[in-house]
Structure formats: structure tokens, C-alpha cells
Amino acid sequence: MWKIHGVKAFVVTGAVISAVVGAGTSAQAAGALHMYEKNNFKGGHEYVTRTDKDLRNNYYDNGKKVDNNTSSVKNTTSRYVDLWQNVGCTGAHTTSYPHTQDKKLSNDAIKDNRLSCVKFR
Ligand SMILES: [Ca+2]
Ligand SMILES: [Ca+2]
């Protein structure tokens, strides 16, 4: 009786551990939407791994603000990520396709230095 109970408990624990490991693996593989201050992925760098509807409190690794200050992006996720002009995800937008990069946003609808909201689909 005691042993059977112990085996059951072990099985349940094992299932939980594998579920957690599985989630961690997929989160790592999910990548990020990388934002760069300048064209060609130069200048400050910052990234988000989920929707962020207000970039006003995000800062590049060089201390400069991200809001209205992004010129190129890399999408290393398997998700479509919409890049919006305004906080709250309104205005002009450009869609970043999974596993693509754009070295210059000035020729896209979002334009240069206007990004304020990132939405993962
Ligand atoms: Ca934010
Ligand atoms: Ca903006």
C-alpha cells in the first residue's frame, strides 16, 4: 500500500518536471523581437519576448529610450510581431514575419523612429 502510493507520487512528480522542462525549452526557442537604435542593427539594443504596448519605459543597453527611437529590428521568434506607431498599438504598423530581420524601418509603414508598441500574435 505504502509502496504503491510512493510510485504514484513519483510518476506525478516526473510528469510535472517534464512539463516544466518542456515549457522552458519552448520559451528559449521562442526568441525575441530585437530593437536597435540605428539602421543595420547598430546603436542601442533592447528586446522583448512578449507583447509590450508601451515602450516609453523601455531603454536600450546604452541608456537611451526605445520609444520613437527604433530604426531596425530582428525577429528571432516563430511568431508574427506587429510593430505599431503609437502606445496602445494604434496608428501605422508594419508586421515583422517570423525569423526575419529588417535593417531599415524608414521604408516601411512604421517608418523610422516611430515605434511605440510591439504586439506578438
Ligand atoms: Ca514597456
Ligand atoms: Ca510612436
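Guide: Helices (H or I, at least four residues) and strands (E, at least two) are DSSP runs, numbered from the N terminus. In this predicted model, local features need pLDDT of at least 70 and side-chain atom pairs pLDDT 80 or more, while totals for chains, interfaces and linings use all residues. Residues are numbered from 1 along each chain as its sequence is written, with chains lettered from A and ligands numbered from 1 in the order written.

Visitor: Which pattern does the protein follow along the sequence?

Guide: The protein has one helix and seven strands, and reading along the sequence gives α-β-β-β-β-β-β-β.

Visitor: In what order do the strands of the open sheet lie?

Guide: Two strands pair if DSSP finds at least two bridges between them. Here four strands form an open sheet in the order 2-1-3-6, and their pairing is antiparallel. Strand 2 (42-48) and strand 6 (100-102) are the edge strands, each pairing on one side only.

Visitor: How many bridges join strand 3 to strand 6?

Guide: Strand 3, which covers residues 72-75, is joined to strand 6 by three bridges, and the two run antiparallel. Within that pairing, Val73 has Asp102 of strand 6 as its bridge partner.

Visitor: Which strands form a hairpin?

Guide: The hairpin is made by strand 4 and strand 5, with three residues between them, and in its turn Gly88 has a positive phi of about 90 degrees. Five bridges hold the antiparallel pairing of strand 4 with strand 5 (residues 90-96), and Leu83 stands opposite Thr94 of strand 5.

Visitor: Which residues have the most contacts inside the largest nonpolar core?

Guide: A residue is buried if 20 or more other C-beta atoms (placed from the backbone) lie within 10 Å of its own, exposed if 12 or fewer, and partly exposed in between. A nonpolar core joins buried Ala, Val, Leu, Ile, Met, Phe, Trp, Tyr and Cys residues through C-beta atoms within 7 Å. In this protein 21% of the 121 residues count as buried, and the largest core has 14 residues, with Leu33, Met35, Leu55, Val73, Leu83, Leu115 and Val118 having the most contacts inside it. Strand 1 (33-38), strand 4 (81-86) and strand 7 each give two or more residues to this core.

Visitor: Which residues does Met35 touch?

Guide: Contact requires C-beta atoms, placed from the backbone, within 7 Å. Leaving out residues up to four places away in sequence, Met35 touches Glu46, Tyr47, Val66, Thr70, Val73 and Leu115. Among the protein's contacts with a separation of 6 or more, 57% come from residues 24 or more positions apart.

Visitor: Where is the place of Lys104?

Guide: Lys104 sits in the loop between strand 6 and strand 7 (117-120), and it is partly exposed because 13 other C-beta atoms lie within 10 Å. Not counting residues up to four places away in sequence, Lys104 touches Asn39, Ser71 and Ser72. The C-alpha atoms of Lys104 and Tyr36 are separated by 9.9 Å, although these residues are 68 residues apart along the chain.

Visitor: Is Asn40 buried or exposed?

Guide: Asn40 counts as exposed, because it has 11 C-beta neighbours inside 10 Å. This residue lies in the loop between strand 1 and strand 2, and Asn40 has a positive phi of about 60 degrees although it is not a glycine. Asn68, likewise not a glycine, has a positive phi of about 55 degrees. The loop between strand 2 and strand 3 holds Asn68, which is partly exposed because 15 other C-beta atoms lie within 10 Å.

Methods
Contact = placed C-beta atoms within 7 Å.
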